Amino acid sequence: MFEAPTVFYAVALVVVVAGIADPLYAGCAWAFLVLRVLHSVVQATVNLVPLRLLLFVLSWAALVPMIVCPLWTL
């Protein structure tokens, strides 16, 4: 649970400092945030592991474009 937010912060910092932020990054960042909040809510309430896994995988799916796209831009 801790590695994804750390990666997100690092990638977001690189994107902003490099000046390459665009609507794709913003959309992915918001999707990541919403999915991580939903993951935490599910974990703290009903704790359905398959649902948590789905939210976890979807949050990484939102994070991967943020990791890969700057590599082509820089």
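Where does Asn47 lie? I open with that residue, and the model before us is a predicted one. Asn47 sits in the loop that joins helix 2, residues 23-44, to helix 3, residues 49-73. Its phi is positive, at about 50 degrees, although Asn47 is not a glycine. With a relative accessible area of 38%, Asn47 is partly exposed.

The protein chain has three helices and zero strands, and from the N terminus on its elements run α-α-α. The C-alpha trace spans about 40 × 15 × 15 Å along its principal axes. The chain has 74 residues, and 28% of them count as buried.

I turn to helix 1, which comprises residues 3-18. Its 16 residues, at 1.5 Å a residue, should span 22 Å, and the C-alpha atoms at its ends are 23 Å apart, which agrees. The buried residues here are Ala4, Pro5, Phe8, Val11 and Val15. Viewed down the axis of helix 1, these residues fall within an arc of 130 degrees, so they line one face of the helix. The face turned away from that buried side carries the exposed residues Thr6, Tyr9, Leu13 and Val17.

Just after helix 1 comes Gly19, with a positive phi of about 75 degrees.

Next, helix 2. At its start, a side-chain oxygen of Asp22 reaches to within 3.0 Å of the backbone nitrogen of Leu24.

Which residues of helix 2 are buried? They are Tyr25, Cys28, Ala29, Phe32, Leu35, Arg36, His39 and Val42. These residues cover an arc of only 160 degrees around the axis, which puts them on the same side of helix 2. Pro23, Trp30 and Ala44 are exposed, and they are carried on the face of helix 2 turned away from its buried side.

Ser40 is also found in helix 2. Its relative accessible area is 30%, so Ser40 is partly exposed. Ser40 and Arg52 are 12 residues apart in sequence, and their C-alpha atoms are 8.3 Å apart in space.

The crossing in which helix 1 passes helix 2 is left-handed.

In helix 1 the buried residues line one face, and in helix 2 they lie on the same side of the helix. Asn47, with its positive phi, belongs to the loop between helix 2 and helix 3.

Conventions:
Residues are numbered from 1 along each chain as its sequence is written. This is a predicted model: local features need pLDDT of at least 70, side-chain atom pairs count only at pLDDT 80 or more; totals for chains, interfaces and linings use all residues. Side-chain values use heavy atoms; hydrogens and water are left out. Helices (H or I, at least four residues) and strands (E, at least two) are DSSP runs, numbered from the N terminus. Buried means under 20% relative accessible area, exposed over 50%, partly exposed in between (1.4 Å probe, protein chains only). The arc is that of the directions from the helix axis to the C-beta atoms. A polar contact is a pair of N or O atoms within 3.5 Å; within protein, one must be able to donate a hydrogen and the other to accept it, and residues adjacent in sequence count only if both atoms are side-chain atoms. Axes are lines fitted to C-alpha atoms, for helices over the stretch in contact, and angles run from 0 to 180 degrees between N-to-C directions. A crossing is left-handed if the near helix is turned anticlockwise from the far one by less than a right angle, and right-handed if clockwise. The expected span of a helix is 1.5 Å times one less than its number of residues.
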